[in-house]
Structures are given as C-alpha cells and as structure tokens.
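The following note sets out numbered points on the structure shown below. Each point may be checked against the coordinates.

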Amino acid sequence: MQYAVPFIDLSRHYRSIKSELISTLDSVGESGQYILGENVEAFESAIRHLVGTNYAIAVANGSDALFLTLKALGIGRGDEVITVSNSFVATVWTIVATGATPVLVDVGEDLNINQDHAISAVTPRTKGFMPVHLTGMPASMDSLIRFAKNNDLFVLEDSAQAIGASCEGKMVGSIGTAAGFSLHPLKNLSVMGDGGFITTDLHNLAEKIKLLRNHGLKTRDNCEIWGYNSRLDEIQAAFALINLKQLSSLNNRRLAIANFYSDRLRDYVEVPTVPVGKTSVFHNYIIQTNLRDSLKIFLSENGIETKIHYPIPTHKNPRLVSKLIIPAPLTQTEWLSARILSLPIFPELTDFEVELVADKVLEFFR
Ligand SMILES: *Cc1c(COP(=O)(O)O)cnc(C)c1O
C-alpha cells in the first residue's frame, strides 16, 4: 500500500546527500583500502569525541557490538545477564548467543528498565545489567551503576536507538561499563547497510574487542585468541562520517516533530515526556492509548503508516521463551504492548506531513 505519509522513507535522506556519497564512494574505491583503513579510524575518533569515551571500536552491526562486548567481558554458559523484554529481539539474543541466560525484568512508564526490579533479580550467577535506551530516551541507570560497582558487575548500555542522547550532562554510551550502538539504516546515525560500534573507557576491554572483531589477530600473522569476523567496511565508515556531520541537526528535527505532536495530542493520548536532566533523540515517537488498534486502522485508512515497537515482547514469543528466566510478572511490559503506537518521525518529513498526522489523530478522537 502506498501511504500519503510513510512511516519512514530512507530515499529522501539518500537524495539529500547523494553527491557527497558518490564522490566518497569514488575516493574510497581509488584508495584501494577497503577494510580497517583511515575511514574506520577517522570514524572511531569522531565517535570518541562525540560520546566522550577513551575508546570506540567499529564493528559489523549493532548486535555484534553487544555480542562481542559480552564475549570480551567473559560472559558465557552459567552466567546470567539482566535486561528487558520490551526491546528489539537483538538485545536478548546477543546474551543467548554467548551461552548465558537472559533474565528479563519489567519496565517503567518511560518504557525502560525498572531499576528496582533489576536489582531484585540479581543472583549469585548474575554478571551484569543490560539496560536499553529505548526510543532514544536514556534509561535511568544511577542505582544500577552504583549496585554494579559495589558488586563487581558490568552495565552494558544497549544504545542502538540513542546516539546523541544524554543524561545529567553525560552522553549515552559513556555512562556504563561499555555501550553498543547500531548504524542500521533505520537508526538516527546510519550507513547504507549494516554497521555498529562499541564505546568504553576500559583499555583492556577495547583491546579484546578489537581482537575479537578481526579473527583474534593481533598482527597479520599473530593470532592471540579465537575470534570472529565483524568489521565495519571502509565504505560504510566513510558514509557514517558524512551522516555524523548532520547528526545534531537530524536529531533536532526529530525533537521538533516530537514537540509538535506532543503539543497537539497530549489531551487525547499519553505522549512521551522527557524528564528534567535528560535529552531524548526520539528514534521513535510512541503514544499510548486504549484505542490503539482502532486508531492504527483509522490512520492507515487515512494514508498514514504507523508501527508498533514492539507488538510481541520477547518473553511472549513461544519459540524464544524456553531460554529465558522471568523472575517476576512483566505486567507493565505486557500492558504497554497493547497500548503503544509509533507515529512517523523521520527527519525528512515535511511540516505538511507532520501536521497531517496530528490532524488525523485528532480527527479520530473527535
Ligand atoms: C537495532 C537494534 C539492535 C541491533 O542493531 P543491528 O545493527 O540491527 O544489529 C539492538 N538493540 C536495539 C534496541 C536496537 O534497536
């Protein structure tokens, strides 16, 4: 179906940077260096600067960013990692892929991890926490970080949706032990394919991840550990650098659209609120209403495409549930999954389209 307002249209962004992408493609091609070269180094350096960590390591995708960090932290069979069911499935599968067991706890009103529930779920097998900054809203992590420090646990921030967001003046990705980011085309900072990166202040962790992403190789002929192949290509790193220049203006446009929606809709639906001290980068704009299903159908009939992030929480998937530990009912997670609706919020939406979306939501309620 052709929507008057699509949920996302990546070709609009492509067209806005087309000539720069093409000349970059040509210069990487002419350089003859396609793997782990100067563009990857320049990208990692730019990320260190933006996020404010000592190390940034580019990898093949956001899931690998999380998986390789867990591997480098020594996580495996017999270990437990505490995270949320209310996320994209990669958050949880990366834990399963290490052989460890995901322990899923409930979220709060902000859709992010409930710290009290997370701390209550700690057992002698717990190795760390994996909070998700869902929708680009920083998860509250202060108690988790304090608890983790006192108990020798890690806090791995799933920052896939939150590049550029901050909490109490600290950038997301610089708050926990380490963080995994995604450069997937749908994310706020993207490449034309797959990509991801890790940020951390820990030297040894960064060195281990660098080995893991490149076959365990220290030098061309010296293999130190069993590894993987998970590198960001030079061409994608060069594309990421182009998009990085625009990140703050793209994030600001998302924020402006979010503010517009919230002003227009707050009397009719629950709109996202950004607490004092936090900035959100609105990867998604999620409203809540008891009339979610009929609103979604009404908007679709009126040419507006919406999505649900996510309709089936990970623990509700019968094919996945056997590997999970659920220590307490995920009441809020399940309640939310029936009420949430994501409105279009990509930066290239026109003002006309944004107004149309808000008008149609209001028309439904009137
Ligand atoms: C996108 C995403 C990932 C995975 O990133 P990929 O680059 O697609 O592998 C992990 N966690 C969350 C919350 C995401 O949104």
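1. In this note, a contact means heavy atoms within 4.5 Å. On that basis, and leaving aside residues up to four places away in sequence, Val191 touches Leu183, Pro185, Gln236 and Ala240. The model under discussion is a predicted one.

2. Where does Val191 lie? Its place is the loop between β8 (178–182) and β9 (196–200). Val191 is buried, because its relative accessible area is 4% and the cut-off for burial is under 20%. The C-alpha atom of Val191 is separated by 7.7 Å from that of Ala237, although the two residues are 46 apart along the chain.

3. As to overall dimensions, the C-alpha atoms fill a box of roughly 70 × 55 × 40 Å along the principal axes. The radius of gyration is 21 Å, which agrees with the value near 21 Å that a compact globule of 366 residues would have. Of these 366 residues, 53% count as buried. The chain exposes about 16200 Å², and carbon and sulfur atoms supply 51% of that area.

4. The secondary structure consists of 11 helices and 14 strands. Among contacts between residues at least 6 apart in sequence, 71% join residues at least 24 apart.

5. An open sheet is formed by 3 strands in the order β7-β6-β12, with antiparallel pairing. Its edge strands are β7 (170–171) and β12 (278–279), each of which pairs on one side only. Strand β6 (residues 166–167) is joined to β12 by 2 bridges, and Cys167 stands opposite Lys278 in β12.

6. Strand β1 (residues 55–59) is mostly covered, with 4 of its 5 residues buried. β1 and β9 run antiparallel and are joined by 5 bridges. In this pairing, Val59 stands opposite Gly196 in β9.

7. How many salt bridges does a search of the whole structure find? The search finds 17. One of the salt bridges joins the side chains of Glu44 and Arg213 at 2.9 Å, N to O. Glu44 belongs to helix α2 (residues 38–52) and Arg213 to helix α7 (residues 203–213), so the pair ties together parts that are 169 residues apart in sequence. Glu44 counts as buried at 7% relative accessibility, and Arg213 likewise counts as buried at 7%.

8. Asp79 and Lys127 meet through their side chains in a salt bridge of 3.1 Å, N to O. This pair links distant parts of the chain, with Asp79 in the loop between α3 (62–72) and β2 and Lys127 in strand β4 (residues 126–129), 48 residues apart. Asp79 is buried, with a relative accessible area of 10%, whereas Lys127 is partly exposed at 34%.

9. The side chains of Arg125 and Glu80 form a salt bridge of 2.8 Å, N to O. Arg125 lies in the loop between α5 (115–120) and β4 and Glu80 in strand β2, so parts that are 45 residues apart in sequence are tied together. Arg125 counts as partly exposed at 43% relative accessibility, while Glu80 is buried at 5%.

10. On the surface, Phe88, Val89, Trp93 and Leu320 form a nonpolar patch with about 330 Å² of accessible area together. Phe88 is placed in the loop between β2 (80–84) and α4 (90–98), and this residue counts as partly exposed at 44% relative accessibility.

Technical notes. Residues are numbered from 1 along each chain as its sequence is written. This is a predicted model: local features need pLDDT of at least 70, side-chain atom pairs count only at pLDDT 80 or more; totals for chains, interfaces and linings use all residues. Side-chain values use heavy atoms; hydrogens and water are left out. Buried means under 20% relative accessible area, exposed over 50%, partly exposed in between (1.4 Å probe, protein chains only). Patches are made of residues with over 30% relative accessible area and no salt bridge: like charges are joined within 9 Å, nonpolar side chains (Val, Leu, Ile, Met, Phe, Trp, Tyr) within 5 Å. Accessible areas come from the Shrake-Rupley method with a 1.4 Å probe; for residues, only the protein chains shown count as cover. A salt bridge is a side-chain nitrogen of Lys or Arg within 4 Å of a carboxyl oxygen of Asp or Glu. Two strands pair if DSSP finds at least two bridges between them. The radius of gyration is taken over C-alpha atoms; the globule rule is 2.2 Å times the number of residues to the power 0.38.
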